[in-house]
Amino acid sequence: MKLNYFYFKSLLYGLLHKYEASHYKKSLHFYPYRIGIELTNKCNLDCIHCIKKTKYKTGMMGFDEFKKVFNEFPYALSVSLNGVGEPLLHPRFFDIIKYIKHTRPYVITTIFSNGVLINESMAHEIIKSGLSKIHISLDATNASSHKKIRGTDKFDKVLNNIKTLVELKRKLHSKTPLIGINFILMKENEGELIEFIKLAKELGVDYICEIDSYLFNFGDWKLKSAGSLSSYKKELEVGKQELKKSGIKCMYYPELSKTYDWNKPFICDRFWKEIRVTFNGNVTPGCCIPFAEQYSYGNILESSFKGIWNSEKFIRNRESARKGTAPILICKECIEMMKKYLTL
Ligand SMILES: C[S@@+](CC[C@H](N)C(=O)[O-])C[C@H]1O[C@@H](n2cnc3c(N)ncnc32)[C@H](O)[C@@H]1O
Ligand code: SF4
Ligand code: SF4
C-alpha cells in the first residue's frame with residue numbers, strides 16, 4: 001500500500017519534472033526521475049576509446065554513501081549504476097541492487113558492463129538480484145577488433161559470458177535482467193555493423209541497446225578512434241536494412257534522415273533532465289563529459305541535492321544552455337560533434 005503510494009507519487013512528480021524541464025525553467029522544484037550513480041570509476045580494462053583515459057581520481061562509493069545518495073532522490077523511477085568504470089567490480093554490487101529492490105521495488109536498475117566478469121556464478125547472482133537491465137558493450141564481432149578496442153584478448157570470454165547469462169535466464173524462466181548489447185562505430189570496427197546485428201540475433205539477447213556514431217573525442221580526451229562521416233553513413237544505411245530483416249529491436253540508432261536546423265540555437269537539455277553522481281559524490285549533468293571535479297555542481301555527500309539542483313552555478317549554466325550558448329567550454333566541442341555525427 002505504502003509502496004503504491006510512493007510509486008504513484010513518483011510518477012506524478014516525474015510528470016511535473018517533465019513539465020518544468022520542457023519549459024527550461026532556471027530553477028526546478030522537481031527532480032529528474034532518471035538518475036545515474038557511479039558506483040566506481042575503476043575498471044579491469046583499458047579500452048582505446050574510453051573517456052576514462054584522463055587524470056581523474058579513481059575510487060569506489062561505499063555502501064552507506066550509496067544509501068545516502070539514493071535516498072536523496074526518493075521519487076526516482078530509474079537508476080543507472082554507471083559513470084565511467086566497471087560496476088560489476090564493486091564488492092557490494094549485489095547488496096546495492098538488493099537494497100534498491102527492497103526499499104523501492106519499482107525502480108528500474110540498469111548497468112552497462114564490459115561483460116568480462118560474468119561467469120556462471122555471477123550470472124546466477126545477477127538474475128537472482130533482480131537487476132532490471134544489463135547492457136554489454138561488445139563493439140566488435142571478432143577477437144581481433146575486440147582486442148584492438150578493449151586492449152586485451154577477451155572476445156571469446158565475453159561472448160561465452162553473454163551466452164551463459166542468456167541461457168541461464170531462460171532456464172530459470174526469469175524475466176530479468178533484460179539483456180542488451182552495444183556497438184559504437186569506430187575506425188577499429190569499421191565494416192562490422194551487419195555482422196554485429198546478426199550476432200545479436202544469434203546470441204538471443206533481448207535487444208541491441210544502442211548503435212552509436214557519437215564518440216566523445218574532444219576536451220580532455222583527444223581520442224583517435226572516430227571514423228569518417230562517409231564510412232559511417234554508408235554502414236548505417238546498410239545496417240538499417242539488416243535491422244529490419246533481422247527483426248531485432250534496437251533502442252537507439254542514429255537517425256539518417258532527421259534534419260536539425262543548426263541555424264537555430266541548440267539547447268542541450270541535460271542541464272534539466274539528467275543527473276549523475278560520481279563515486280565520490282560530485283553532482284554533474286548526466287552526460288559522460290563533465291565527470292571531472294571541475295564540472296561538479298556540489299557534493300551530495302556533503303550537502304543536500306535540493307541546494308545543489310538550484311545552486312547559482314547550475315542556474316547560470318541553465319541560463320546559457322537556454323540561450324544556445326555552451327554553458328561550459330567542453331559543450332562547445334560537443335555541440336560541434338553533434339552537428340557532424342548525430343544526424344548523419
Ligand atoms: C564508460 S562505459 C562504463 C561501463 C562499462 N565499463 C562498459 O564498458 O560498458 C559505458 C559506455 O560508454 C562507452 N564509451 C566509453 N568511452 C566512450 C567515448 N569516448 N565515447 C562514447 N562512448 C564511450 C563504452 O563503450 C560503454 O558502452
Ligand atoms: S570497459 Fe568500459 S569503463 Fe572500462 S575502459 Fe572500457 S569503456 Fe572504459
Ligand atoms: S552539450 Fe554539454 S552537457 Fe550536453 S551532452 Fe554535450 S557536453 Fe554534455
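Select helix H7, residues 193-203, and pick out Leu-193, Phe-196, Ile-197, Leu-199 and Ala-200, which are buried (20 or more other C-beta atoms within 10 Å of a residue's own; 12 or fewer makes a residue exposed, anything in between partly exposed, with C-beta atoms placed from the backbone). These residues lie on the same side of H7 because they cover an arc of only 160° around the axis, taken from the directions from the helix axis to the C-beta atoms. An α-helix has 3.6 residues a turn, so residues three or four places apart point the same way. Helices (H or I, at least four residues) and strands (E, at least two) are DSSP runs numbered from the N terminus.

This is a predicted model, in which local features need pLDDT of at least 70, side-chain atom pairs count only at pLDDT 80 or more, and totals for chains, interfaces and linings use all residues. Residues are numbered from 1 along each chain as its sequence is written, and chains are lettered from A and ligands numbered from 1 in the order in which they are written.

Now show what covers the buried residues of H7: the cover includes E5, strand E6 (207-212) and helix H8 (229-246).

From E5, step back to the loop between helix H6 (155-171) and E5, where Pro-177 lies. Thr-176 and Pro-177 are joined by a cis peptide bond, with omega about -5°.

Next, select ligand 1. Around this ligand are 17 residues, of which Phe-112, Asn-114, Ser-137, Leu-215 and Phe-216 come nearest; a residue counts as near if its C-beta atom, placed from the backbone, lies within 6 Å. Strand E3 (108-113) and strand E5 (178-184) are the elements that give two or more residues to this shell. Coloured by class, the shell around ligand 1 shows 9 nonpolar, 7 polar and 1 charged residues. Here Ala, Val, Leu, Ile, Met, Phe, Trp, Tyr, Cys and Pro count as nonpolar, Asp, Glu, Lys and Arg as charged, and the others, Gly among them, as polar.

Then display helix H2 (residues 63-71) with helix H3 (residues 93-103): their axes come within 11 Å and cross at roughly 30°. The axes are lines fitted to C-alpha atoms over the stretch in contact, and angles run from 0 to 180 degrees between N-to-C directions. Phe-63, Phe-66, Lys-67 and Phe-70 of H2 meet Asp-95, Ile-96, Tyr-99 and Ile-100 of H3, a contact being C-beta atoms, placed from the backbone, within 7 Å. By class, the residues of this contact are 6 nonpolar, no polar and 2 charged.

Two loop residues follow. Asp-139 sits in the loop between strand E4 (133-137) and helix H5 (143-150); its phi is positive, near 60°, though the residue is not glycine. Asp-139 counts as buried because it has 25 C-beta neighbours inside 10 Å. Tyr-24, in the loop between helix H1 (2-22) and strand E1 (34-37), also is not a glycine and has a positive phi of about 45°. Tyr-24 is partly exposed, with 16 other C-beta atoms within 10 Å.

Finish at Glu-319 in helix H11 (residues 312-323). Glu-319 is partly exposed, with 14 other C-beta atoms within 10 Å. How far apart are Glu-319 and Leu-159 in space, C-alpha to C-alpha? The distance is 46 Å, for residues 160 apart in sequence.

Terms used. Two residues are in contact if their C-beta atoms, placed from the backbone, lie within 7 Å.
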